[in-house]
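Hi everyone, thanks for coming. Have a look at the structure on the screen, and I'll walk you through a few parts of it.

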Amino acid sequence: MSGKGGGGEGKVVCVTGASGYIASWLVKLLLLRGYTVKASVRNPNDPKKTEHLLALDGAKERLHLFQADLLEEGSFDPIVDGCEGVFHTASPVHFSVSDPQVELIDPALKGTVNVLRSCAKIPSIKRVVLTSSMVAVFCNRKMLTPGLQMDETWFSDPLFCKESKLWYHLSKTLAEEAAWKFAKENGIDLTVINPGWVIGPLLQPTLNATVEVVLNVINGAKSFPNASYRWVDVRDVANAHIQAFEIPSASGRYCVVNRVAHFSEVVKILHELYPALDIPEKCENDAPFQMGNVVVNEKAKGLGIEFTPLEVTLKDTVESLKEKNFVAL
């Protein structure tokens, strides 16, 4: 990862949803590279959302926080004004909801179009990088055939997401579809990052949904899930966003996944790293292990991403959870 003097001096970029897990790392790395960052947060007066950002290196001089609402048209106009690049990461992540339309789909879909509508008004913007997800890639009937190799040419099927009641998957799929359509119609240079299951150290003080699965297995769970996840380090994801903005030839979508690993492998690594911890040894059911599809990450490697080994990511995740007192070790 580049340290100071990384090529952002004098450049202004915007990060939406800046207090989120990936976005916080993105802000940190952008500041380290010398960028001035205009960051949107839902509530700038909530210290839980802003304190960790204001404490970053370079924040005092080059971080400007703005209040914005994804559902309010035009609320991003003043934030993207004067920017060369916009990183749109703001989107709710909930895996269980009572009203999918209100809690997930509206903010993801309308929010993405609102941000892009603001971008379309600003001629200085060279490129928009959208944080999508692997759930906008693999959620279709092909995923039911194990062993198929998955890459950027796969697209999730909204109907399949609905039938499967995968509302988060649907929200990200619809948002990405709308982004491509709007960008094409309005001549916006759009690049999309599709990260897998993101873990790694936390900058924000709150626990996010993806890291919680690691906390659960080190915090007294009796069994581990019978599932394969598409694991990736949050620092690699943030770095991929920056590379997708800085490399002129970057285009299209990028599957940002280090490796697909079943939970049995993850608990084995955790057990080796932390033998004193009470880590579950049995699976939640007796069914054959769900192995999942392989993700081809060559395109992401073409951005210069050297993926962090899963062992390192898991260790850094646990150390971060200890430091933030989510787990008593």
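Let's begin with how the pieces get their names: helices (H or I, at least four residues) and strands (E, at least two) are DSSP runs, numbered from the N terminus. This is a predicted model, where local features need pLDDT of at least 70 and side-chain atom pairs count only at pLDDT 80 or more, while totals for chains, interfaces and linings use all residues. Residues are numbered from 1 along each chain as its sequence is written, and side-chain values use heavy atoms, with hydrogens and water left out.

With that naming in hand, find the segment after α13, where Asn-325 sits. Asn-325 is not a glycine, yet its phi is positive, about 60°. Is Asn-325 buried or exposed? Here I need the cut-offs: buried means under 20% relative accessible area, exposed means over 50%, and partly exposed is in between, using a 1.4 Å probe and protein chains only. Asn-325 has a relative accessible area of 68%, so it is exposed.

Lys-165 is another non-glycine residue with a positive phi, this one about 55°. Look for Lys-165 in the loop between α7 (158-163) and α8 (167-186). Its relative accessibility is 59%, so Lys-165 counts as exposed.

Now for salt bridges. The rule is a side-chain nitrogen of Lys or Arg within 4 Å of a carboxyl oxygen of Asp or Glu. How many salt bridges does this rule give? The count comes to 17.

Let me show you three of them. In one, the side chains of Asp-316 and Arg-235 meet, with 2.8 Å from N to O. Asp-316 belongs to helix α13 (residues 310-323) and Arg-235 to helix α10 (residues 234-246), so this pair ties together parts that are 81 residues apart in sequence. Asp-316 is partly exposed, at 25% relative accessible area, whereas Arg-235 counts as buried, at 14%. There is also a network of salt bridges here, which links Asp-233, Arg-235 and Asp-316.

Staying in α13, we find Lys-322 and Glu-319, 3 residues apart, or about one turn of the helix. Their side chains meet in a salt bridge too, at 3.1 Å from N to O. Lys-322 counts as partly exposed at 26% relative accessibility, and Glu-319 as partly exposed at 30%.

Next, please move to helix α11 (residues 263-273), where Glu-272 and Lys-268 are 4 residues apart, so about one helical turn separates them. Glu-272 forms a salt bridge with Lys-268, and the closest N and O atoms are 3.5 Å apart. Both of these residues are exposed.

While we're at α11, let's meet its packing partner, helix α9 (residues 209-218). The two pack at an angle of about 60°, with their axes 11 Å apart. That makes α9 oblique to α11. As for the words, axes are lines fitted to C-alpha atoms, for helices over the stretch in contact, and angles run from 0 to 180 degrees between N-to-C directions. Angles under 35 degrees count as roughly parallel, over 145 as roughly antiparallel, 65 to 115 as roughly perpendicular, and the rest as oblique.

Which residues bring α9 and α11 together? From α9 we have Val-213, Val-217 and Ile-218, and they meet Phe-263, Val-267 and Leu-270 in α11. Contact, by the way, means heavy atoms within 4.5 Å.

Of its 10 residues, 7 are buried, so α9 is largely enclosed by the rest of the structure. Among the buried ones are Thr-210, Val-214 and Leu-215. The buried residues of α9 pack against α1 (21-32), β8 (197-199), β9 (223-224), β10 (228-233), α11 and α13. After α9 comes Gly-220, with a positive phi near 100°.

My last stop is Leu-70, in the loop between β3 (63-67) and α4 (77-80). Leu-70 is buried, with a relative accessible area of 14%. Setting aside neighbours within four places in sequence, Leu-70 is in contact with several residues, including Phe-76, His-88, Pro-107 and Val-115. Leu-70 and Val-115 are 45 residues apart in sequence, and their C-alpha atoms are 7.6 Å apart in space.

That's my tour, and I'm happy to take questions!
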